[in-house]
Each structure stands twice: as C-alpha cells, then as structure tokens.
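Please open the structure in your viewer and keep the selection tool at hand.

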Amino acid sequence: MSSLVETTMYQISQIFLLPTLGLIAILFLYAFWVLGEFGVLAWLRRSGGGRPLLAVFRARPALGVDELDVLAHKQLEAARITSRVTPMLGLVATMIPMGPALKSLSDGNLAKVSDNLTVAFSAVILALIAASITYWVVNVRRRWLAEELLEIEELREELRQSLRGAGPAGGAA
C-alpha cells in the first residue's frame, strides 16, 4: 500500500514538470518585458513624463488618495506576483527532476543523472533571474509611485490655497 501511494505521488509530480518549465519560460520572458517597460518609463521620467498616476489625477482630479493608491498597486501587481511566484516555481522545477536523477544514480546511469540535473538547475537559474529583475523593478517603481502620490498631494494643497484666495472673502477685498 505504501509503495502504491509513493508511486502515485511520484507519477503525479512528474506531470507538473513541463507546465512548470513552461511557466518559468513565460515568466522569464515577461521579466524582460517588464525591464523594457521600466527602461522606457525611466527615459520618459528624465524628460518630465512617465508619471502615470499624475496623468490619471490630471484627467480625474476628483480621485481620492485611496483610489490612486489602488491604481498604483494595480500597476505593480503582475510584476510583484512574478517576483514572488517565480522562485517557488524554480524550486518545484528543481525538485521534480531530482527524483528521476536519484533513481538513475542508483541504477548507475550517470548520463540520465546529468540530464535531470541540467534541467533542474537551468530552471532554477532562469527563475531566479526573472524574480530578481521583477523584484528590482517593482521596488524602484513603488518608490516612483510614492513620489507621484506626494506630488499629487502637493498639487491638491496648491489648488486648495488658490481656491481660498479666489473665494468670496478674497474677492470682496
């Protein structure tokens, strides 16, 4: 009975190797997409643009801080999830081939051990690169969005000040 459970668990785990490797490949490519977007945004920021929250606020000044904060979180969500999930997938992609590698080692088939370890370590390396890129981008963009929120609050305060000065009390003098 124990052998049946172990064999079943082994076979089920092997089913997940290809989907996991596929997800790692997709997330690896996505990380470079995010890095490209980040580069474009950085370039735009140097020339005075590239401030998405500020653009939204100018189009819809009635939005509150909470709504703008939610928009900021939405902008970072996919890259943030990628930075957290990709290392886990890398671990899964490392562990799945280890079973066949150890079995091949016990059978004396070193070529098969090598093949399985190559897959295992290549997957974790790509996963960690993708996670590192997205983690870095998310953290810098989080700071940029926080700076934008501060700019928006300054603009609101300036707007309040100008409205007070142009109000009925200011116009009667």
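Is Arg143 buried, partly exposed or exposed? The model is a predicted one. Select Arg143: the residue is partly exposed, because its relative accessible area is 43%.

**Stop one: the salt bridges around Glu147**

Next, select Arg45. This residue also forms a salt bridge with Glu147, and here the closest N and O atoms are 3.3 Å apart. The pair links distant parts of the chain, as Arg45 is in helix α2 and Glu147 is in helix α5, 102 residues apart. Arg45 is buried, with a relative accessible area of 12%, whereas Glu147 is partly exposed at 31%.

Select Arg156 and Glu153, which form a salt bridge with the closest N and O atoms 3.5 Å apart. Both residues belong to helix α5 and are three residues apart, about one turn of the helix. Arg156 counts as buried at 13% relative accessibility, while Glu153 is partly exposed at 31%. In total, the model has seven salt bridges.

**Stop three: the aromatic rings**

How many aromatic pairs are there? The count comes to three. Select Phe28 and Phe32: their ring centres are 5.1 Å apart and their planes meet at 70°, so the pair is edge-to-face. Both lie in helix α2 (residues 17-46), four residues apart.

Now select Phe38 and Trp136. The ring centres are 4.9 Å apart and the planes are at 65°, so this pair is also edge-to-face. Because Phe38 lies in helix α2 and Trp136 in helix α5 (residues 110-165), the pair ties together parts that are 98 residues apart in sequence. Phe38 is buried, with a relative accessible area of 9%, but Trp136 is partly exposed at 47%.

**Stop four: helix α4**

Finally, select residues 65-107, which make up helix α4. This helix has 43 residues and reaches 63 Å from its first C-alpha to its last. At Glu77, α4 bends by about 50°. Gly108 follows the helix, and its phi is positive, near 80°.

Technical notes:
Residues numbered from 1 in each chain as written. Predicted model: local features only at pLDDT ≥ 70, side-chain atom pairs only at ≥ 80, totals over all residues. Heavy atoms only, no water. Helix = DSSP H or I, 4+ residues; strand = E, 2+ residues; numbered from the N terminus. Expected span 1.5 Å × (residues − 1). Bend = angle between axes of the 7 residues up to and from the residue. Phe/Tyr/Trp six-rings, centres within 6.5 Å; stacked < 30°, edge-to-face > 60°. Buried < 20%, exposed > 50% of the residue type's maximum accessible area, 1.4 Å probe, protein only. Salt bridge = Lys/Arg side-chain N within 4 Å of Asp/Glu carboxyl O.
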